[in-house]
Amino acid sequence: MRAGIIGCGAIGSFLAREIDRGNVAHMKLVALFDIDLNKVYKLVESLEHKPQIADSFEKFLKLPVDFVIEAASQQAVFQYAEKILKQKKPLLLMSAGALADDRLREKLFRVARENNTKIYIPSGAIAGLDGLKAMSNVRLHRARLTTRKSPSALGVKTEKPVVVFSGNAHEAAKRYPQNINVAIAFGLAAHAIDILQVEIVADPGVSRNIHTIEVEGEAGKLEITLENFPFPDNPKTSFLAALSALQVLKNIASNVVIGG
Ligand SMILES: NC(=O)c1ccc[n+]([C@@H]2O[C@H](COP(=O)([O-])OP(=O)(O)OC[C@H]3O[C@@H](n4cnc5c(N)ncnc54)[C@H](O)[C@@H]3O)[C@@H](O)[C@H]2O)c1
């Protein structure tokens with residue numbers, strides 16, 4: 001499978017190097033695109049097998065790519081996703097927060113269906129989406145996400161823990177778009193975007209990005225807390241997010257997929 005990556009920052013570069021080293025069976029990296037060409041050149045220097053460089057999205061679309069990885073921004077999802085899906089190419093979306101926009105989400109899901117292709121949304125910085133999906137086959141009573149980050153990661157100054165946001169997922173998407181990827185992956189997996197309550201806490205006592213997901217429903221109760229180490233190249237991103245995308249790529253190539 002010939003992969004193309006849009007966005008050569010922390011996650012895109014990590015995935016590019018993993019594919020380049022042969023760590024994803026049957027996948028070859030053939031194309032890179034970033035609005036910041038310097039990022040692309042820097043990444044290409046570190047790769048053994050040199051992919052083609054596109055200096056515009058239009059050129060990227062013309063390259064012989066079978067699988068597209070978006071690791072750029074929510075804006076990139078608005079700009080490019082529909083065109084990629086219309087070319088019948090499967091698309092892995094890191095910037096899942098863009099799907100908080102109901103119109104965009106419904107359009108992309110429809111275009112994927114009409115073109116018989118797939119959208120992959122990795123678990124990202126959280127885990128347990130298999131359980132959430134299973135539990136959502138019956139009624140859920142309650143869904144809650146609590147995110148705890150250092151004040152600097154949330155752009156606030158405080159000397160004690162303070163709740164900077166409390167409300168539903170739609171409001172969180174508008175007020176804290178950079179923190180919404182996790183909420184959207186959670187909400188979509190549990191079919192619970194409309195009942196999902198989000199709380200964001202700025203806590204000077206933490207250096208990790210801590211996410212607690214809680215769900216209660218007819219199948220029982222699920223609660224998972226993750227304490228994620230930041231990614232060295234971009235402290236706003238959790239290392240686990242990049243690893244979860246790598247795992248999605250490995251699952252695609254694997255003959256045995258564990259976890260549902
Ligand atoms: N799903 C999750 O849990 C999760 C976790 C962490 C990050 N993310 C998201 O994944 C994306 C990538 O994260 P990162 O840490 O690698 O970010 P990053 O800032 O390190 O890299 C992003 C790269 O994309 C490029 N870019 C941005 N907009 C673009 C556009 N419209 N067209 C082409 N290139 C563009 C930038 O120039 C940059 O090089 C972000 O949207 C981030 O919010 C998701």
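Leu-85 is buried, with 24 other C-beta atoms within 10 Å. Buried here stands for 20 or more other C-beta atoms within 10 Å of the residue's own, exposed for 12 or fewer, and partly exposed for the range in between, with C-beta atoms placed from the backbone. The model is predicted: local features need pLDDT of at least 70 and side-chain atom pairs count only at pLDDT 80 or more, while totals for chains, interfaces and linings use all residues. Residues are numbered from 1 along each chain as its sequence is written.

Leu-85 belongs to helix α4. Helices (H or I, at least four residues) and strands (E, at least two) are DSSP runs, numbered from the N terminus. Apart from neighbours within four places in sequence, Leu-85 is in contact with Leu-91, Leu-108, Val-111, Ala-112, Asn-115 and Thr-117. Contact requires that the C-beta atoms of two residues, placed from the backbone, lie within 7 Å. Ile-119 is 34 residues from Leu-85 along the chain, and their C-alpha atoms are separated by 8.3 Å.

## The six-stranded sheet

An open sheet of six strands runs in the order β3-β2-β1-β4-β5-β6, with parallel pairing. β3 (52–54) and β6 (119–120) are at the edges with a single partner strand each, so one side of each has no neighbour in the sheet. Two strands pair if DSSP finds at least two bridges between them. Strands of a sheet pair through backbone hydrogen bonds, either parallel or antiparallel.

Strand β1 (residues 2–6) is joined to β4 by four bridges, in parallel, and Ile-5 stands opposite Ile-69 of β4. On to β5, β4 has three bridges, again parallel, with Ile-69 opposite Leu-92. β5 (residues 91–93) and β6 run parallel and share two bridges; the partner of Leu-91 in β6 is Ile-119. Which way do the side chains of β4 (residues 67–70) point? Phe-67 and Ile-69 point one way, Val-68 and Glu-70 the other way, and all are buried.

## Pairing around β7

Strand β7 (residues 140–149) has eight bridges to strand β10 (residues 209–217), and the two run antiparallel. In that pairing, Thr-146 has Thr-212 of β10 as its bridge partner. β7 also runs parallel to strand β9 (residues 196–202), joined by seven bridges, and Arg-144 is bridged to Gln-197 in β9.

UniProt, in an unreviewed entry, places the feature "domain: Aspartate dehydrogenase" at residues 159–246. UniProt positions follow the numbering used here, feature names are shortened, and annotations may be inferred rather than shown by experiment. Over residues 159–246 the chain is 27% helix and 44% strand, with the end C-alpha atoms 37 Å apart.

## Two domains

The chain is divided into domain 1 (2–121 + 240–253) and domain 2 (129–228). These bounds come from an automatic or database domain assignment. Taken over C-alpha atoms, the two centres are 25 Å apart. Eight residues of domain 1 are in contact with eleven of domain 2. On the side of domain 1 that touches domain 2, five residues are nonpolar, three are polar and none is charged. Nonpolar covers Ala, Val, Leu, Ile, Met, Phe, Trp, Tyr, Cys and Pro; charged covers Asp, Glu, Lys and Arg; the others, Gly among them, count as polar.

## The ligand shell

Why does the shell around the ligand lie between the domains? Domain 1 and domain 2 both give residues to the shell, so it lies between them. Of the 30 residues around the ligand, Gly-7, Gly-9, Gly-124, Thr-237 and Ala-241 come nearest; a residue is near if its C-beta atom, placed from the backbone, lies within 6 Å. By class, the shell has 14 nonpolar, 13 polar and three charged residues. α1 (10–20), α4 (74–86), α8 (181–189) and β13 (234–238) each supply at least two of its residues, and the largest share, four residues, comes from α4.

## Annotated binding positions

The unreviewed UniProt entry places the feature "binding site" at Ala-125 and Asn-181. They span 57 residues in sequence, yet no two of their C-alpha atoms are more than 8.4 Å apart, so they gather at one spot.

Ala-125 lies in the loop between β6 and α6 (129–135) and is buried, with 22 other C-beta atoms within 10 Å. Beyond four places in sequence, the contacts of Ala-125 include Val-182, His-211 and Ala-241. Asn-181 is in helix α8 and is buried, with 26 other C-beta atoms within 10 Å. Not counting residues up to four places away in sequence, Asn-181 touches Ser-95, Ala-96, Gly-97 and Gly-124.
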